[in-house]
Amino acid sequence: MKPAAISLDAETLSDDGFEVEDGSSIEAVFECSDAVALDDGSPYVPLRQNFAETAFFYPALRTDRNGVVSLSFTLPESLTEWKFMGLAHTRGMDYGQITARAKAVKPFMVQPNMPRFIRVNDKPVISTGIINLSEENIRGTARMELVDPQTNRILSTREHEFSAAAGATVSVSFDLETPDEATVWICRIIAEGGNFSDGEQHYLPVLSDKQWVTEAIPVQLNGAESKSVALDGLFNDGSKTATDKRLTVELTANPDWYAIQALPVIGNPLNEDALSWAGAYYANSLSTTIINTHPRIRQVFESWKAQGGSSSGNLSDKEDLKDLLLKETPWLADALNETEQKRSIALLFDLNTMGNRNQVAASRLETLQLPDGSWSWYKGMSGNRYVTTRIVEMLARLRTMGASVAPLQGMYEKAVNYLHTQWLDEYRQMKESEKKGDKDRLPGEQSLHYLYICALDAQVAKRADKTAYSYMIGKLEAAPPADAIYDRALIATLLHKAGKTTKANELARSILEYSVATSGMGRYFDTPKARYPRNSYRIPTQVAAIEALSDILKEPLAVAEMKQWLLKQKQVQAGTIR
């Protein structure tokens, strides 16, 4: 069918239109092409192959001076009932709506019951309904053709005679023999009889009857170390039915690549909140620093960015088919993800792209910052101390690493002033509580992070109230060790920066004692005594512990083992490492 011109006119009632539930109608004008003949004189049977469930969706239409909307669309080729829904409203939210129905039918139709896919060694039977809505008895031939989609060559043909009385439906069935290898077919079902004909065309994936199994043997080598790895148990202990065996050795000489692969996840925010935009600015600025520090790495990214193509070949434009194949063959999806991941990393490290993204992120953050210097989580919300602290901490880290935060410098200064005010308010509250006898009150979580920002940025530390700073550091030094490893590591770092080395060493040593180490996983925390924060997120805890052990104990082997565990987490998940 060609595009159908539809007029939203409730005054006209047409037999060839949409029937409206209130008795009125929507006039529909359908245009159909005339039948043609092939070069050999045989009739050409148009094959229906567009079976989309939604014919069209137009979110914004304009009326003429009479309030009439005219639109055109291409009706999918499913022979079924279609439901038309229209909604109109004014700026004052006065609205009107209409619902109409129409059936797309032919006097002679085929309706094959196609499977979503079949598997190698299946013995499928495809049944097809032949519907005769005419007033004549029809005798003819039903034909099934299997076609190679790459070459359009007909692989096999099967035919059945049928006889359908007027107004009756009959069924014919076709037996299939599947190939020995997974592939994709085009399946055509065609019925012809007298002056009537109809046909449908569907893609029919033939999937493997085997399950792809990947066995991974991680091997960690430190320095000049050597190891022997036994491969006897691979390939399902040498199973005779295992096919397409493949052995891949993946070597990562610099495990830092695993950390770099996490940056695109942060650099492309999925939400319009302040934390997402700050994370994007952080990732893009860090990427710029990496490029400027290691210019040769740009050559690798340029080669990745130049890679193109798709494993789905000529079928890449068939989204439904591609989704089915990727869902049923997840190893192909893994390969595509690896290729796409490389392109994402290469795009992330493009200097022009990074500059543009940082401009966008800076603009969004400026919109979300309130006059008092705080950031709201989303636009329209009130300022939030937690959100502001997280953003300032990210920017302070960038400053420590030598990355530029110039576009956000003004916002950074305002936010620091806001946090300083909040911090002083908490200090006064602690003093008031102490006067009332509560001498055990400790700085809250946000105050700990403000002190950490002071430890990262010397300029912020200079502006901090010295009396309040000394008071809170003294409280932390005198307090018993925190239960959560994250808090303990953060406090150890704060005390070390403040010159309280004895207590800092004590806390850092206890952190190391709570950890466990294995050759395969590295060093991590796996004991009920080593509690995580209430969100139970392990990666920030690991990062805080690494920072504390690096600065305080100078334990390079333990730090290397903890980094090993951290990179192992990147190997098994697409999440972020911050």
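1. Two strands are taken to pair if DSSP finds at least two bridges between them. In this predicted model, strand E13 (residues 183–193) and strand E14 (residues 196–207) pair in the antiparallel sense over 11 bridges, and within this pairing Arg-188 stands opposite Gln-201 in E14.

2. These two strands belong to an open sheet of five strands, whose order is E8-E14-E13-E10-E11 and whose pairing is mixed. Strand E8 (118–119) and strand E11 (154–164) each have a single partner strand and stand at the edges, so one side of each is left without a neighbour in the sheet.

3. Turning to the aromatic residues, the count comes to eight pairs of rings with centres within 6.5 Å. Phe-108 and Phe-162 form a stacked pair, because their ring centres are 5.9 Å apart and their planes stand at 25 degrees, where under 30 degrees counts as stacked. This pair links distant parts of the chain, with Phe-108 in strand E7 (residues 108–112) and Phe-162 in strand E11, 54 residues apart. Phe-108 counts as buried at 1% relative accessibility, and Phe-162 is buried too, with a relative accessible area of 6%.

4. The rings of Trp-423 and Tyr-450 have centres 4.9 Å apart and planes at 35 degrees, so this pair is tilted. Trp-423 lies in helix H10 (residues 409–435) and Tyr-450 in helix H11 (residues 445–456), 27 residues apart, and the pair thus links distant parts of the chain. Trp-423 is buried at 0% relative accessibility, as is Tyr-450 at 2%.

5. Finally, Phe-56, Tyr-58 and Phe-84 are linked by ring pairs into a cluster.

Note on methods:
Residues numbered from 1 in each chain as written. Predicted model: local features only at pLDDT ≥ 70, side-chain atom pairs only at ≥ 80, totals over all residues. Heavy atoms only, no water. Helix = DSSP H or I, 4+ residues; strand = E, 2+ residues; numbered from the N terminus. Phe/Tyr/Trp six-rings, centres within 6.5 Å; stacked < 30°, edge-to-face > 60°. Buried < 20%, exposed > 50% of the residue type's maximum accessible area, 1.4 Å probe, protein only.
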